Amino acid sequence: MSAEDPETALERHDERFFADLEALLAQPSISATGDGIAECSSMVRELCLEYGCDEAEIVETPGRPAVVAHARADREGDSDDTSNGERRPTVLLYGHYDVQPATPSEWTSPPFEPTVRDGPDGEQRLYARGAGDNKGQWFAHLCAIRALRETTGLPADVVLLIEGEEESGSENLEWLVREHSDEFDSDVAIVADGPIDSSGRPHVLLGARGLLYVDIEARGANRDLHSGNFGGPVPNPATSIADLLASLTDEDGRSTLEGFYDDVRPLTERDREVLGAIPVDEKDILSDLGLDALATDPDEGYVERLLTRPNLNVAGLDAGYHGEGMKTVLPSRARAKIDYRLVADQDPEAVYDALERHAQEHAPAGIDVELSRVAAMAPQRTSADSPVVEPAMRAVRDGWDTEPILKPALGGSVPTYVFADALDVPCLVIPYANEDENNHAPDENIKLSCVRAGARTTVALLSELADTNLESGSTPV
């Protein structure tokens, strides 16, 4: 340790940190195909050890391997207590090293040849597949650990879990956490994933919405038919599936599935305060999207509808003829892809069962309807009154030098429920990537300033949580 402060150490190592990040981004790690997974997991393990972790191991799963690392707090003497006599907390930091596939011809520079250049706003950005999603974000944690180790010391115990199949649905993450629960024993879980707010301000998210993705197929006759010779008496799968989709919601957009809202967690007064403080300009949204109206109720604004109310989305429809001109066909099959975004305490399995019953009840005579579950992820939301919230807000404020926005949930779905359910700990999502990171798209990127702000945030976060009594909920002054 030295008299130097962590922020100075981060600045001193800036060039080295970005060189190591570029080397990490240059290594493909596509979970969908397995390309580079073994090489990248080994690289992640070595980086964890090099950047100050006491131990790191590659843990095999039924799918892609994960990397689990431990960094124990720097303590004087043999005491495990903080200055006020409380046990130091253990902070679990989650990320993923796997990335989406990339088509080089769609990129300005090759996706696995990291390139620094100015973005559309004039700020320097690092362009590469995985830059924002998610290597650049969890790498900021390692930068923070190294800076703390070299200066004031690591103030809390840290567990890093860097999985290798998030981009393929995190199919084995829950198995991994439950099977190795002793290694993940912690007091709080932090997920640095996703972009910051569209305003450019950082935000702290209390959780994430859940997901249920389903394929629906309606089958009629054993072949496509002439609509003039057979239309009328022969049932049409296309109209049947359209009727089924229409029956899933009422005129107010509420789900008609039996029991769908039974487990939805009611909003508290504190939840409504959080929602009311989120800045949103619905006129700007309408203008940006080229719309003249939003699907909201008079007493329910955009943010509440988006983040705290479950929603059905029709993602795709396919039936019959799609070419030019006309073809009077009565299709033998029709398909739809739908996704439900679920909110706190809803169970994707229960929703799927209700959907299956509903589909069979509404299938007309002569039409067979078959459902196939493609993906499911439970929702999770930490209470806004949790003792981890205020320390996290202070840390983000220190790291970004601006006031963060507190939100009830991420609009998308990340596997935060695993830590809340399997470990029974509060979990927060604190994104470090810029709002236009282009994750999953060509020219994915992360601003250099965002990586630096993320590292500063992790430094502050570990210090704040080390001084917080997570058991009683009190925060020492």
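Helix α11 lies across β10, β14 and β15, running at about 170 degrees to β15. Angles here run from 0 to 180 degrees between N-to-C directions, with axes being lines fitted to C-alpha atoms, for helices over the stretch in contact. The helices (H or I, at least four residues) and strands (E, at least two) are DSSP runs, numbered from the N terminus. Keep in mind that this is a predicted model, where local features need pLDDT of at least 70, side-chain atom pairs count only at pLDDT 80 or more, and totals for chains, interfaces and linings use all residues. Residues are numbered from 1 along each chain as its sequence is written, and side-chain values use heavy atoms, with hydrogens and water left out.

Let's stay with α11 for a moment. Which residues of α11 are buried? They are P348, V351, Y352, A354, L355, H358 and A359. Seen down the axis of α11, these buried residues fall within an arc of 165 degrees, so they line one face of the helix. That arc is taken from the directions from the helix axis to the C-beta atoms. Buried means under 20% relative accessible area, exposed over 50%, and partly exposed in between (1.4 Å probe, protein chains only).

What covers that buried set includes β10 (210-219), α7 (237-247), β14 (333-342) and β15 (368-377). Contact here means heavy atoms within 4.5 Å. At the start of α11, a side-chain oxygen of D347 reaches to within 3.0 Å of the backbone nitrogen of E349.

Four strands form an open sheet in the order β12-β14-β10-β15, with antiparallel pairing. β12 and β15 stand at the edges, each with a single partner strand, so one side of each is left without a neighbour in the sheet. Neighbouring strands of this sheet are turned by 15 degrees against each other on average, direction ignored. Two strands pair if DSSP finds at least two bridges between them. Strands of a sheet pair through backbone hydrogen bonds, either parallel or antiparallel.

| Strand pair | Bridges | Facing residues |
|---|---|---|
| β10 and β14 | 10 bridges | I216 and A336 |
| β12 (residues 311-319) and β14 | eight bridges | V314 and I338 |
| β5 (residues 124-127) and β19 | three bridges | R125 and K447 |

The β5 and β19 pair belongs to an open sheet of three strands, in the order β4-β5-β19, with antiparallel pairing. β4 (115-118) and β19 (445-447) stand at the edges, each with a single partner strand, so one side of each has no neighbour in the sheet. Neighbouring strands of this sheet are turned by 30 degrees against each other on average, direction ignored. Helix α4 (residues 131-150) packs on the sheet, touching β5 and β19, and its direction makes about 45 degrees with that of β19. Helix α14 (residues 448-466) lies across β4, β5 and β19, running at about 65 degrees to β19.

R146 is found in α4. Is R146 buried or exposed? R146 is buried, with a relative accessible area of 14%. Not counting residues up to four places away in sequence, R146 touches H13, R16, F17, E50 and Y51.

T308 has its place in helix α10 (residues 302-308). T308 is also buried, with a relative accessible area of 10%. Leaving out residues up to four places away in sequence, T308 touches L267, L275, V303, V343 and P408. The backbone oxygen of E304 lies 2.7 Å from a polar atom of the T308 side chain. A polar contact is a pair of N or O atoms within 3.5 Å; within protein, one must be able to donate a hydrogen and the other to accept it, and residues adjacent in sequence count only if both atoms are side-chain atoms. The C-alpha atoms of T308 and A131, 177 residues apart along the chain, are separated by 30 Å.

D281 caps the N-terminal end of α9 (residues 282-289), with a side-chain oxygen 3.0 Å from the backbone nitrogen of K283. Just after α9, G290 takes a positive phi of about 70 degrees.
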